[in-house]
Each structure stands twice: as C-alpha cells, then as structure tokens.
Amino acid sequence: MQILLLPLCILAAISSSGQEAIGLRLQQFSGINSTLLNPALGGLYHKKWDLNLVETVNSVSNNYAFLENSKAGEFNRYRSIQNIYSRPDIPADRTPGPNSLVLDYYTRNGPYYGDVTVNVLGPSFLIRLGQHGIGLTTRGRMEMESIFPTDLGYYTYINNRGKVNMTPSHLNGMAWREWGLHYDYSIGSADDRRLVLGFNLRYLQGYEGLSIYNEQFSYQQIRTDSFEVSPGAATLAFTNSNLGVNENTPYAAKIQGTGWGLDLGLLYEYVGERWNCNAGIALNDLGGIRFRNSAQLYQFRNTTTLIFDTDPYTSWTGPADLPNKAAQLSGLLSGDPNAALIDSSFMVGLPTNLVLQAGFYKSEGLRFFAVYQQPLAFRDNQLHKASTLSVVSGWENNWVGAYLPISLYRWQRLRLGAAVRLAFLTIGTDNLIPWMSRGNLSEAGFYAALKISPWPKNWFNGDKAKGGKQKSGRGMDCYDF
C-alpha cells in the first residue's frame, strides 16, 4: 500500500492538480463549462454562443501519507531530487540532504482514502437559440480512488504486529473519453423568473478499467513471507490488452469498452432590479462502461483459514503479470487456476453524485454561491466521488473576475481556494495553501480554461430586458451571427 500511494503523494507535489473547479463553473461567462456542474446552468448564459478551447482540472489527494517540508509547484526542486526516504527508516543520527524528500504517514482512527483525477475538456461549444441551449462536449477523463481500513496505516500495522481487520474496502479506476450532447430549455413564467431544465447525454469509450473490492475478513502476519488468512471473499476485475506483453512492449491505447453517461439538471432563477438569485439541483454521472475486450473478472473465495505464502507474488515484471498472478491465486484457493475467472467482461460505474447549488448575485459585481456535492454509491464496482461543501464569494465584470471558494472536503479537510479570470482565460485552485507555504504535503490543486465568446465590448450598453436582464446577443461589436 505504501508503494501504491507514494506516486500519489509525489504527483501532488509536482503536477497540476485541482478538485472541483468551483471558481470556473459559476462565472456569468462559464457557458458550456458550467454545464459540467449542473446541465441547467447553461440556461443562464446570456450570449449567443460560447466556445471552450481547452480546460484542465486534475486532482491528487490522500490522507495516508505526506511529504515533509514541501509545497506544490517547486518544479526546480523536484527535478533535482536524488533520494526519497521513508521517515521510519531514517536513523536518529542521520539528516537527509537538501536533494532528498522524506515521506511520512498519518495515524488515524477512521478509514484512509486516496484520489487521483485527470479531466481535460477539449473543443466544446454552446449555442443559445431563444429558450433553447444546444451544445457539444469532448472530454478525456481518468479517475482512480480507494477506501481502505485503519489497520493498514503504517504505524498502526507495525503496532498491531501485522494483524489486520480487513473491513469492506475498494480500489476503482478507469480511463475513458466522452462525446457529449447538451440541451437545456428555459420556461419563463414571467419576465423576471424562469425554470430551466437541462441534460447532458454522453457516449463513453473506455481505455482502461480496474475494480477491486472485498468482503469482511482478517489476516495476521505469522512470518516475514506468510500470513494466516480468515475466510472471506474478494473480487478483481481488470483490462489487460493495453498492458503490454512484457517490459519491452510499448503501451498502446485501445478502446476496450463502451457505455453511456447522463447528467440531469433543474434550476430556478429570479431576476431582480439589483440582485438576482437561483437555486438548482443536478444528478450527474449516471451510467458506466462495460469492458468486453481483453477483460477479466475474478472472484476469489476462501472458505477456511489458510496460510498464504507471499513468495510466488513478490516477483513482478509489470502489470502484464496480473493475469498470471490471478491464476496462481485461483489455484491456491481451489486447486484450479481457472476456477476464479467467472467472466470476460465487467462494468465500472461513473462517479454518480447529487449536486445542490444556490446563488445570490448581480449582473456585474458581487456574487455569492453555495454548492454541496454528495456521492451516490450504488455498487462496489463504481467510482466514488468525494463529498464537498463549498461557499464561494466573487466579483466580476466583462473583462476580469475573481473568486474565493472555501470548501469542506470529505467532511475532514477545510480548503481555501482562489480563481482569477482575465477575458477568456481562467486559472485557479480549490486548495491554495499547498502552493503558498511549506508543510506536510498530501494534496494540491490547479485548474485552467481558455475559451472564446462574443466580444464583450459595450456589452452592458446594449438593450436591456425587463428586470434589468441583458438580452442575448445585443450590444456586441463583433463575433455576431
């Protein structure tokens, strides 16, 4: 587990990482980008069209391990790193040099988690046609997340002398691309209020899939290379055509599964003389991907207490060894290396989540929002999104904007973020502190978007609708249809 989470901590320090990109989704010029939070938010966009060139939102976070005396963005420092040490392995009379990193481990009374997300929105657009909004999105995504028990904590494991109560845990991951259709429809009950309905329908093409989850069991280390394992069960599903035959075979991305995804959104907006407000609800990422090409689904079940020898599983040449190791384990449990292989296809579900959102804002100037995201876990073989409660304050006009989100992540960590928009470029983070000061680094965040919309010059000099609301497309000097 330490080996699995070490790259996660390093990525937090050296890569562009972020969480929910709240400062990007709630701008008055968010357009197609806002529909990723709630499809109905596309109905609040007041211009004729919006074109996203590229958006990247990536995240790394865990509560298992951290890098001492580190901060995000120190690229020159990390390029010169020569050694990485584990804190428990460093003698008391030795101090690591300046070109070294020290990894230490948290001690907790609750479960551990690890999250990695890469999300790139490619060329995408939104067109407003009266009450209708029509858009297309292209997106590439990679997500991996895990929940595992307290007993696997480094110091807890040592103190318990290798005794682990393995509560139900999981590790799920998937890499895929999406082709999405967006539609929203505004129903106006009066000149100053309306109801917006929206959806995103996406066709999914999966490159990689992984799902591991277990029932309750326990094990005890009895020698350096063996464990005593109680009755229990675990499921392993993975794709392997992209893994390569051996270490000399290059990685080749292939589509190994397909599926569908759906977002549904509802939003109510009231437009006042000075202030506007809205409230919305969305159900995002319904669906999943069924992997059929080179997919393997194993179910291991142990009905009696056994002694598990780790020697056959300690030598690995790479991920391509996974099918052989799974067959070895099947042979150990049942005497038949193929008994545990129960299917040549499996599904990984999308990270379904419920979004509640409300805003209180001016057409130009101050803006205040609250957003709550709650994961909905329907099955074990599903990506699980983290729960997040955010309060966002901001200010913006045609050319510039600034947002300050404060988020409670997983009901455990309070994060202060910031986002700045200059014309068509937005950069920001939902977690500012790791970029500003040194400390125990276990997470970091960064997002950016570059887009084009109708030229904002003299935008607010155009015709006004009743209630002070800007009419779509009026007052523009160029990029007009």
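A: Asp 285 lies in strand E15, which covers residues 276-291. Strands here are DSSP runs of E with at least two residues, helices are runs of H or I with at least four, and both are numbered from the N terminus. Residues are numbered from 1 along each chain as its sequence is written, and the model is a predicted one. Local features need pLDDT of at least 70, side-chain atom pairs count only at pLDDT 80 or more, totals for chains, interfaces and linings use all residues, and side-chain values use heavy atoms, without hydrogens or water.

The backbone of Asp 285 deserves a look. Its phi is near 60 degrees, a positive value in a residue other than glycine. Asp 285 is also buried, at a relative accessible area of 6%. Buried means under 20% relative accessible area, exposed means over 50%, and partly exposed is in between (1.4 Å probe, protein chains only).

Arg 161 is not a glycine, yet its phi is positive, at about 55 degrees. Arg 161 sits in the loop between H4 and strand E8 (163-166). Arg 161 counts as exposed, at 68% relative accessibility.

Helix H5 itself runs over residues 322-334 and has 13 residues. From first C-alpha to last, H5 reaches 18 Å, close to the 18 Å expected at 1.5 Å a residue. That expected span is 1.5 Å times one less than the number of residues. The buried residues of H5 are Pro 323, Lys 325, Ala 326 and Ser 330. They line one face of the helix, because they fall within an arc of 165 degrees seen down the axis of H5. The arc is taken from the directions between the helix axis and the C-beta atoms. These buried residues pack against strand E13 (232-239) and strand E16 (295-302). Contact here means heavy atoms within 4.5 Å.

Next, the aromatic rings. A pair of aromatic rings is described by the distance of the centres and the angle of the planes. Rings of Phe, Tyr and Trp (its six-membered ring) pair if their centres lie within 6.5 Å; planes under 30 degrees apart are stacked, over 60 edge-to-face, and the rest tilted. By this rule there are 21 aromatic pairs. The rings of Tyr 105 and Tyr 154 form one of them: the centres are 4.5 Å apart and the planes at 10 degrees, so the pair is stacked. Tyr 105 lies in strand E4 (residues 100-105) and Tyr 154 in helix H4 (residues 154-159), so the pair ties together parts 49 residues apart in sequence. Both ends are shielded: Tyr 105 is buried at 6% relative accessible area, and Tyr 154 is buried at 13%.

Tyr 105 has another partner. The rings of Tyr 105 and Tyr 155 have centres 6.2 Å apart and planes at 70 degrees, so this pair is edge-to-face. Tyr 155 also lies in helix H4, so the pair joins strand E4 to parts 50 residues apart in sequence. Tyr 155 is partly exposed, at 26%. Tyr 105, Tyr 154 and Tyr 155 belong to one aromatic cluster with Tyr 64, Tyr 112 and Phe 148.

Tyr 105 also has a polar neighbour. Ser 86, in strand E3 (residues 83-86), makes a side-chain polar contact of 2.9 Å with the side chain of Tyr 105. A polar contact is a pair of N or O atoms within 3.5 Å; within protein, one must be able to donate a hydrogen and the other to accept it, and residues adjacent in sequence count only if both atoms are side-chain atoms. Ser 86 is buried at 14% relative accessibility. Beyond four places in sequence, Ser 86 touches Leu 103 and Tyr 105.

Two arginines sit over rings. Arg 410 lies over the face of Tyr 113, at 4.2 Å from the ring centre. The charged end of Arg 415 sits over the ring of Tyr 409, 3.7 Å from its centre. The rule asks for NZ of Lys or CZ of Arg within 6 Å of the ring centre and within 35 degrees of the ring normal.

Arg 223 is in strand E11 (residues 217-223). The side chains of Arg 223 and Ser 226 are joined by a polar contact of 3.2 Å. The C-alpha atoms of Arg 223 and Asp 309 are separated by 9.3 Å, though the two are 86 residues apart along the chain.

Finally, the whole protein. It has 6 helices and 28 strands. Buried residues make up 51% of its 481 residues. Among contacts between residues at least 6 apart in sequence, 70% join residues at least 24 apart.
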